[in-house]
Amino acid sequence: MATSTTEGVKGSSTSSREGTAKAMAADQISQAIQSTSNLLHLMQQSSPSQVQLTKLPKNLLAKTTTIKNTGQVLEQMPQVISALDAHMEIGLQSVPHLKTVTQLLANMEHCQLNSLSQVDSNLTQKEPKMSSQPSEKPS
């Protein structure tokens, strides 16, 4: 029992370290973008191609939140994959039941078609008898 508790603590501390490392990486990326943006602002003031450089900082700053969101999505991916895997497993376990239900529905359809064809057959047999009788003329 002591080992499972120890392993749980190790796993917990490993995942918290990974989360901290990812957060630090996202922050460093954001800082690098901010630094690049600041550098580009300085270059704008002394560069002859200011028109193109003017667009770059805005584009880089606009991508900062996208980078952070991407980091969050990447953090959630293992849980999403595990959940999808569990749903697939449940779905695969349900296949024999689905085959049974499909068979039952096919049998029901077959029985209904037989009943309808019998009713149709009975109606068809009655029609000639009614038309073969002479009609009475009113006097």
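**View 1. Leu-61 is partly exposed in this predicted model.** The relative accessible area of Leu-61 is 37%, and partly exposed covers the range between buried (under 20%) and exposed (over 50%), taken with a 1.4 Å probe and protein chains only. Leu-61 belongs to helix H2. Helices here are DSSP runs of H or I with at least four residues, strands are runs of E with at least two, and both are numbered from the N terminus. Leaving aside neighbours within four places in sequence, Leu-61 is in contact (heavy atoms within 4.5 Å) with Ile-33, Gln-34 and Ser-37.

**View 2. Ser-30 is a buried residue of helix H1.** Helix H1 spans residues 2–46. Ser-30 counts as buried because its relative accessible area is 12%. Beyond its neighbours within four places in sequence, Ser-30 is in contact with Thr-64 and Lys-68. The C-alpha atoms of Ser-30 and Leu-61 are separated by 8.6 Å. Along the chain, these two residues are 31 residues apart.

**View 3. Val-73 contributes to a nonpolar surface patch.** Val-73 sits in helix H2, which runs over residues 50–132. With a relative accessible area of 44%, Val-73 is partly exposed. Patch residues have over 30% relative accessible area and no salt bridge; nonpolar side chains (Val, Leu, Ile, Met, Phe, Trp, Tyr) are joined within 5 Å, like charges within 9 Å. A salt bridge is a side-chain nitrogen of Lys or Arg within 4 Å of a carboxyl oxygen of Asp or Glu.

**View 4. Residues 1–7 have pLDDT under 50.** pLDDT is the predictor's confidence in each residue, from 0 to 100. For residues 1–7, the model has zero contacts beyond four places in sequence. Across the protein, pLDDT averages 75. At least 70 is reached by 71% of the residues.

View 5. Of its 139 residues, 7% are buried. The accessible surface comes to about 12000 Å² (Shrake-Rupley method, 1.4 Å probe; for residues, only the protein chains shown count as cover). Carbon and sulfur atoms hold 62% of that surface.

**Notes.** Residues are numbered from 1 along each chain as its sequence is written, and side-chain values use heavy atoms, leaving out hydrogens and water. In this predicted model, local features need pLDDT of at least 70, side-chain atom pairs count only at pLDDT 80 or more, and totals for chains, interfaces and linings use all residues.
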